[in-house]
Amino acid sequence: MMEETFDIIIIGSGLGGLVCANILLKEGYKVLVLEKNNKLGGNLQTFSRDKRIFDTGVHYIGSLEEGEVLYKIFDYLGIIKELKLKKMDEKFDLISFDNDPNEYPVSQGKENFINNLLEFFPEEKQSLQKYMELVQEYVNHFPLHNLKSGNFYLEENIEIIGKKADEVINSITQNEKLRAVLSGINFLYAGEKDKTPFYIHALILNTYIKSSWRCVKGGSQIAKLLGKKIKEKGGKIVKNAEVENIFMEDEEVKYLQTSDGRKFYARRFISNIDAKKTVKLMKGEEIKKSFQKRIFNNKDTISSFSLFLTLKPGTIPYKNYNYYHYKNADKVWEVADYSEENWPENYMISFGTKTGNDEFAEEMTILAYMKYDEVKQWEDTFHTVSHKNSRGEDYEKFKEQKAEILLKEVEKKIPDIRNAIINTYVSTPLTYRDYMGTSTGGMYGFVKNANNPLQSFLTPRTKIKNLLLSGQSIGLHGIFGVAIGGILTCSELIDRDYLISKINS
């Protein structure tokens, strides 16, 4: 019996894979998506506890107002009208510090952003205007992020991608507290002192300043809708199909083999999984060492310890914004370098949203940075819904201790939080590693390093003739960044200007 051959096989059903599949199907390609889990979506996945829905990675999304970039992309993909969204407050993020009663706003709209911060920094109007001008200037260097024609040439823009975020922000103002506030969203990209490029900061902040939204009942609706569109267009999705081997011959991928022994054939392949894992799966001939080195020399971003709380009815008011809290205003860029004694140096609080009455919160998610080394002693274990493998009593005790420490920190901001809790659930870097397939549970792909900007600036094209990359290993992470990355990957197969014009129209 002849094996079925596809035009394109996509490994992984994260957002990048789903976007690529839909675009390619619209252009007449025969597409198969292979997913190792029983759910689509990667970071879009949700889970339920005590009849409450929690997001694993999508706590809010930017640029979804009608006519904005992500709105146009989702409209082109045919899902925008079916998405259930809730626009966040004008002040969508509040940034705070220990021993400071103020909560500093990050606001939707450039004028709102400036004016709302001027209430706290009345002498800094010129600095804030300069900051917004710089954000826009850097965003304009990336035409695809504005759905405009034109390429971003690394060689011509090496100065742009080599500028460090902390240095650029420090050059704008001498006010130490304002510096800390402007840097306070760096949790969104795991920013590091003397390393993270300003273009990362600018591109991400810009999407949320355009407009900020929460997904009602979770971000998994995006994956479900995109999966539905794939099937409607004649594409094929196979779940519980973990790719175990990528067989190579003559510097090409010949076929994929899943853990249950099935083989899948295609003319071209797109890997939407972790780039390091992609290389590890390659079998049959030695991959060029330069390509391996390029991938493995990249450092993963830090991971997260996450606390998921189900709340008693009528106890905690629902907040249509997020909290970012730091212990020290002078260490906003150094929170990932915590010690065991001072963990956590920062945390984020986000509330789930639902249709109907949102006066009181039903669930709350608290995230704090956590190094993979903290859970490395249990790295030989693996645990997902479909693969139950106990990590042991020591691991459970570790989670309980860390949850208690984090909860004590949050109590300083929300004193009555403990009495409002029904149940507490925890995930660690191992949870993210096992469900998302990243090497160390990293939140946002590879660390972008302004000191060596070309090292982590991966493009979709690889040294393998018929293998492309997508997902957060290339370009920018997050819903916006990965959607743009999907377009970038597909433009290796479809004329980019043609594709952009279709999305814009």
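Here is a short chat about helix packing and then the pocket.

Modeller: Quick heads-up: this is a predicted model, where local features need pLDDT of at least 70, side-chain atom pairs count only at pLDDT 80 or more, and totals for chains, interfaces and linings use all residues. Residues are numbered from 1 along each chain as its sequence is written, and side-chain values use heavy atoms, with hydrogens and water left out.

Biologist: Are helix 1 and helix 15 oblique to each other or roughly parallel?

Modeller: Helices here are DSSP runs (H or I, at least four residues), and strands are E runs of at least two, numbered from the N terminus. Axes are lines fitted to C-alpha atoms over the stretch in contact, with angles from 0 to 180 degrees between N-to-C directions. Helix 1 (residues 15–26) and helix 15 (residues 478–490) pack at about 40°. Under 35 degrees is roughly parallel, over 145 roughly antiparallel, 65 to 115 roughly perpendicular and the rest oblique, so the pair is oblique.

Biologist: How many charged residues are in the contact of helix 1 with helix 15?

Modeller: Contact means heavy atoms within 4.5 Å, and among the residues meeting there are V19 and I23 from helix 1 and V482 and I487 from helix 15. Asp, Glu, Lys and Arg count as charged, Ala, Val, Leu, Ile, Met, Phe, Trp, Tyr, Cys and Pro as nonpolar, and the others, Gly among them, as polar. By class there are ten nonpolar, three polar and, for charged, none.

Biologist: Which residues lie nearest the centre of the largest pocket?

Modeller: A pocket is an open set of points on a 1 Å grid over the protein atoms alone, where a 1.4 Å probe fits, with protein on both sides within 12 Å along at least five of seven lines; lining residues have an atom within 4 Å of a point. The lining has 28 residues, with nine nonpolar, twelve polar and seven charged. Nearest the centre are R49, H383, V426, T431 and Y435.
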